[in-house]
Amino acid sequence: MSTDQNKFQAIISHCKEYGFVFQSSEIYDGLSAVYDYGQYGSELKKNIKDYWWKSMTQLHENIVGIDAAIFMHPTTWKASGHVDNFSDPMIDNKDSKKRYRVDHLIEAYAETLPEAEGNAVLAQMDELLKENDFAGLKTLIEEKKISCTVSGTSNWTDVRQFNLMFSTQLGSVTDEASEIYLRPETAQGIFVNFLNVQKTGRMKVPFGIAQIGKAFRNEIVARQFIFRMREFEQMEMQFFVRPGTQKEWYEKWKEERMQWHLSLGTDPSKYRFKDHVKLAHYADAAVDIEFDFPIGFKEVEGIHSRTDFDLKQHQEYSKKKIQYFDTEINQNYVPYVIETSIGLDRMFLLTVCNAYEEQDLSTPEKQDSRVVLKFPAKLAPIKLAVFPLTKKDGLPEVAQLLVNECKQHFHCYYEEKDSIGKRYRRQDAIGTPFCVTIDHQTKEDGTVTIRYRDSMEQERVPLTEVKNIVLSKIM
Ligand code: GAP
């Protein structure tokens with residue numbers, strides 16, 4: 001299995017050093033699997049969000065967006081099945097007391113094996129998970145002598161289920177009735193608003209509701225940086241269809257979502273589909289879109305055919321009719337749902353991993369290197385950096401005028417400190433696609449040097465053209 005832990009560690013360090021991602025409350029030694037986004041990280045994250053939101057809502061006339069609350073009535077989670085089923089098989093090491101998610105423990109072991117052998121272990125695990133065969137999973141762990149990373153021993157408890165929802169108290173009375181959950185997925189906010197949106201928006205099936213928001217899961221094995229977090233963000237879309245047409249729509253959304261990923265210019269060989277072996281309690285078909293991270297192929301997005309499970313459950317628990325009258329066939333029904341669900345933080349990690357390059361630029365005369373983040377221009381935190389060659393002769397004033405003109409349209413960065421070469425390197429490290437230098441010639445003929453991040457080529461262009469050049473690449 002091809003993993004590159006060194007590259008992954010370098011990316012994590014780079015994210016911190018250049019203001020993309022910090023550990024949460026780091027001055028108190030951090031909080032496990034919780035992260036903060038810094039000055040460039042929050043811009044990148046927002047650009048990814050906007051790109052998804054636009055592709056879902058603006059480019060689909062039959063998809064609208066909502067923004068539901070994180071707290072929901074506790075019965076929501078009873079109805080959705082999360083109270084009873086949102087759990088993972090776990091195993092504890094008796095010596096270290098460390099708890100592991102069984103699939104993660106076995107996957108980590110499989111990664112240490114040659115590819116064919118690793119795949120055989122994973123296939124065995126998939127089969128046992130599908131059958132909910134906990135004793136079999138324990139036997140597999142023991143047979144393979146899989147050990148705890150802390151104690152180094154294979155002294156394991158039995159495999160047990162562990163619910164992943166966080167709960168808290170609403171108000172000041174700590175009785176059971178006031179216990180509520182932090183939502184573990186955004187989807188339920190969409191389901192409970194199905195009728196509100198359908199009626200007020202006069203939506204006709206098939207139609208979709210999209211949402212971006214925080215979700216919370218008490219992940220037991222929370223590792224690998226922002227890949228698996230306890231507080232994270234999801235971008236989900238529920239597409240409501242006529243019963244019987246769900247297979248067709250499932251295939252359509254599978255294809256459409258893959259195209260969305262590829263529209264960012266990523267090499268298609270870095271993506272693959274992986275069908276779910278063990279289906280969630282609500283699904284009749286499900287597939288993951290996986291990306292080739294430095295830590296191996298991992299899930300970024302799930303496409304799930306959720307049947308009419310959720311709406312029917314909410315209908316039953318709320319005792320309110322949740323149905324749609326289809327005028328084309330003169331029938332009332334509970335719509336079926338195709339869900340596309342992508343982790344924003346995972347998409348962020350994917351974008352950084354895909355963009356990160358360490359380049360050796362040495363020549364016989366001089367040793368040189370750079371770290372560059374080759375973000376798609378539309379996602380880059382800063383689009384244009386503007387440098388006056390010197391701090392005098394009126395060059396800063398010309399540069400500032402350009403910034404003032406462009407910042408109405410996109411994010412700019414002005415810098416006059418250090419050599420131009422150093423300034424380029426700093427922008428490469430945060431992924432700025434265009435740098436413009438204002439020099440003495442600018443004052444004579446109105447041209448500037450524009451430098452392209454990826455090719456490092458430079459050319460002279462009219463100062464008045466800079467804004468349009470950048471705009472044409474980021475739209
Ligand atoms: N509503 C369906 C649902 O939540 P999921 O496969 O559990 O399905 C969807 O989650 C996506 O959310 C995943 O593909 C992943 O990108 C992201 N995700 C899930 N758990 C996560 C975690 N602990 N940290 C970061 N992202 C996570």
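**Reading rings and a recorded binding site**

Guide: F291 is buried, with a relative accessible area of 1%, and please keep in mind that we are reading a predicted model.

Visitor: How should I decide whether Y271 is buried or exposed?

Guide: A residue is called buried when its relative accessible area is under 20%. Y271 has a value of 7%, so Y271 is buried.

Visitor: How many aromatic pairs are there, and how do I read one of them?

Guide: Two rings are taken as a pair if their centres lie within 6.5 Å, and the angle between their planes then tells you the arrangement, with over 60 degrees counting as edge-to-face. By this rule there are 19 aromatic pairs. Y271 belongs to strand β11 (residues 271-275) and F291 to strand β12 (residues 285-293), so the pair ties together parts that lie 20 residues apart in sequence.

Visitor: Which rings are linked into a cluster?

Guide: Ring pairs connect F191, F194, F207 and F240 into a cluster.

Visitor: Where does UniProt place the feature "binding site"?

Guide: Such a label comes from a record, and annotations may be inferred rather than shown by experiment. The unreviewed UniProt entry gives this feature to a list of residues including R101, E185, E236, E339 and G343. The listed residues span 243 residues in sequence, and the farthest two C-alpha atoms are 25.3 Å apart, so they do not all gather at one spot.

Visitor: What surrounds E236 and E339 in the model?

Guide: E236 is in strand β10 (residues 231-241) and is buried, with a relative accessible area of 1%. Beyond its neighbours within four places in sequence, E236 is in contact with residues including W52, E185, T186 and E339, and its side chain makes a polar contact of 2.6 Å with the side chain of T186. E339 lies in strand β16 (residues 336-343) and is buried, with a relative accessible area of 1%. Not counting residues up to four places away in sequence, E339 touches, among others, E185, E236, Y282 and H304, and a polar contact of 2.5 Å joins the side chains of E339 and H304.

Technical notes:
Residues are numbered from 1 along each chain as its sequence is written. This is a predicted model: local features need pLDDT of at least 70, side-chain atom pairs count only at pLDDT 80 or more; totals for chains, interfaces and linings use all residues. Side-chain values use heavy atoms; hydrogens and water are left out. Rings of Phe, Tyr and Trp (its six-membered ring) pair if their centres lie within 6.5 Å; planes under 30 degrees apart count as stacked, over 60 as edge-to-face and the rest as tilted. Helices (H or I, at least four residues) and strands (E, at least two) are DSSP runs, numbered from the N terminus. Buried means under 20% relative accessible area, exposed over 50%, partly exposed in between (1.4 Å probe, protein chains only). Contact means heavy atoms within 4.5 Å. A polar contact is a pair of N or O atoms within 3.5 Å; within protein, one must be able to donate a hydrogen and the other to accept it, and residues adjacent in sequence count only if both atoms are side-chain atoms.
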